[in-house]
Amino acid sequence: MDPDELEFLGEKSKIMIIPTFNKENIHLISGDLGPFRASLPSQVPLWVATLLKKQKRCKIIPPDWMNVEYLEALKEQEKQTSGFTRMPSDHYMVEAKLLLDCAPDDIPNADEVKVIIKDIWDMRMSKIRSSVTKLVKNSDFYAAVDNLTIMEINSVRPILPHALDNLFRMKHIEQPKPSQNSNVSSFLMSKRASTSFQLSNNEDY
Amino acid sequence: MPLSVSYTPNYYSLEDILATQERIPCRVAQTIPKMGHLNSSSVDVDLQEGTVMEFPLWLVNEVCVSRVPILNPDLPKIYKESYREILKADACAVDLHRLNLHFYELGSYVKKFDKKNDVHQSIIDTFRSRFRQLINLADNSISDPMVQQRLDTLERKLFNDAYKARVKLNIWLEHSATVIEAANMVVNHKKRKRINLEELL
């Protein structure tokens, strides 16, 4: 999947805003929005929040976790454990990126928040990388991927699933046994076509 | 990034056709009448028993499955003991591309010619130990374009997909008014140089 697609998914998460305008309910396929009353907090999807913010028609209340103390603690925790810590949001990277992008004035210490989030991201990415190589190298049977967010999982695709698929195929291409049947049937049974390594679709050709 | 045709028997798979073009050394197990012209060094009408010749894999595959074998195939030299030792020593240092374009694919075919069944483990181990190199390469491919030249076709395909995905992710991370970037202190700290700084600048 493209990071842009993941961003699209992440934009559905809810966030509180303080609108600066009055408006009745807005009816959308994904659900109703509003009603909006000026200076009364209201919950909207992230994409609406960024849209309104760009039009300067609302003030965004940053999520609880988007403050320096909490993130520092999270970073420390991430540093201590060898596994992955649970992130406050499944789309923390998308939320952080969009909010820091369009509403740095609504987030206290936006610059610091930005830096800490990047540090956490980098730490987690290097953990992923080392555990992936370990997984393939030592032929472990499973890998614990608790608490990984969708964006991070996507960073090892497609190489990891494709590599594991091919390892599986190499392991399981059968050793042909001495055929007991007649010439013709063994000819038909020969598994020739099943050993074609092919990864991407035919657009390469 | 579809993996749709990976498992289906694909008759027209170009990879497969190219891999099975490879010639396999064989010993003729019984005299084949009227096929003497295959062996250019003899003038006989029949292909004599005991002749050692190379036949393409697609032919050997079909001929060897019968109960009375016509050909006795041998392992190609790159899968033999001496080459396996080299791969065991350090698989990453080997230029697979030069050994064979379709190293893994061909290996999966010819491993059935190996009585002791060592080739099977050898190609799997080779893939395993080269995987780390592959993933590092995909993450910072600018570092050494020469290493890419030493990948087998399968690895090259994996590399290309991984590299494309990596580039997309980097673009996403950097494409915004305010780039989320590491602290100066972190950047200056040598150990963390891995994040793609070249592209940030």
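**Buried, bridged and patched: reading the terms**

Q: Where in chain B is B:N100 found?
A: B:N100 is found in the loop between α4 (96–99) and α5 (103–110) of chain B, where helices are DSSP runs of H or I with at least four residues, strands are runs of E with at least two, and both are numbered from the N terminus. This is a predicted model, in which local features need pLDDT of at least 70 and side-chain atom pairs count only at pLDDT 80 or more, while totals for chains, interfaces and linings use all residues; side-chain values use heavy atoms, with hydrogens and water left out. Residues are numbered from 1 along each chain as its sequence is written, and chains are lettered from A, with ligands numbered from 1, in the order in which they are written.

Q: Why is B:N100 called buried?
A: Its relative accessible area is 8%, and buried means under 20%, exposed over 50% and partly exposed in between (1.4 Å probe, protein chains only). B:N100 is therefore counted as buried.

Q: What makes the pairing of B:N100 and B:E22 a polar contact?
A: The side chains of B:N100 and B:E22 are joined at 3.4 Å, and a polar contact is a pair of N or O atoms within 3.5 Å; within protein, one atom must be able to donate a hydrogen and the other to accept it, and residues adjacent in sequence count only if both atoms are side-chain atoms. The side chain of B:N100 also reaches the backbone nitrogen of B:H102, at 2.7 Å.

Q: What makes A:D119 and A:K75 a salt bridge?
A: Their closest N and O atoms are 3.1 Å apart, and the definition asks for a side-chain nitrogen of Lys or Arg within 4 Å of a carboxyl oxygen of Asp or Glu. Because A:D119 lies in helix α5 (residues 110–137) of chain A and A:K75 in helix α3 of chain A, the pair ties together parts that are 44 residues apart in sequence. A:D119, with a relative accessible area of 3%, is buried, and A:K75, at 15% relative accessibility, counts as buried too. Over all chains, a search of the whole structure finds 18 salt bridges.

Q: Which residues form salt bridges with A:R124?
A: A:E78 meets the side chain of A:R124 in a salt bridge of 2.9 Å, N to O. This pair links distant parts of the chain, with A:E78 in helix α3 and A:R124 in helix α5 of chain A, 46 residues apart. A:E152 also forms a salt bridge with A:R124, the closest N and O atoms being 2.6 Å apart. Here A:E152 lies in helix α6 (residues 150–155) of chain A and A:R124 in helix α5 of chain A, 28 residues apart.

Q: How do you know whether A:E78, A:R124 and A:E152 are buried or exposed?
A: A:E78 has 1% relative accessibility, A:R124 has 0% and A:E152 has a relative accessible area of 0%. A:E78 is therefore counted as buried, as is A:R124, and A:E152 is likewise buried.

Q: Why is helix α4 of chain A called largely enclosed?
A: Ten of the eleven residues of this helix (residues 92–102) are buried, so the rest of the structure largely encloses it. Among the buried residues of α4(A) are A:Y92, A:E95, A:K97 and A:C102. For chain A as a whole, 47% of its 205 residues count as buried; in chain B, 45% of the 201 residues do.

Q: What makes A:M1, A:F8, A:L9 and A:I150 a nonpolar surface patch?
A: Patches are made of residues with over 30% relative accessible area and no salt bridge, with nonpolar side chains (Val, Leu, Ile, Met, Phe, Trp, Tyr) joined within 5 Å and like charges within 9 Å. These four residues make such a patch, of about 330 Å², where accessible areas come from the Shrake-Rupley method with a 1.4 Å probe and, for residues, only the protein chains shown count as cover. A:F8 lies in helix α1 (residues 3–10) of chain A.

Q: Which residues gather in the patch of negative charge?
A: A:E69, A:E72, A:E76 and A:E112 gather in this patch on the surface; Asp and Glu count as negative and Lys and Arg as positive, with His and the chain ends not counted, and the place of a charge is taken as NZ of Lys, CZ of Arg, CG of Asp or CD of Glu. Helix α3 (residues 68–80) of chain A gives the most to the negative patch, with three residues. A:E69 lies in that helix and, at 59% relative accessibility, counts as exposed.
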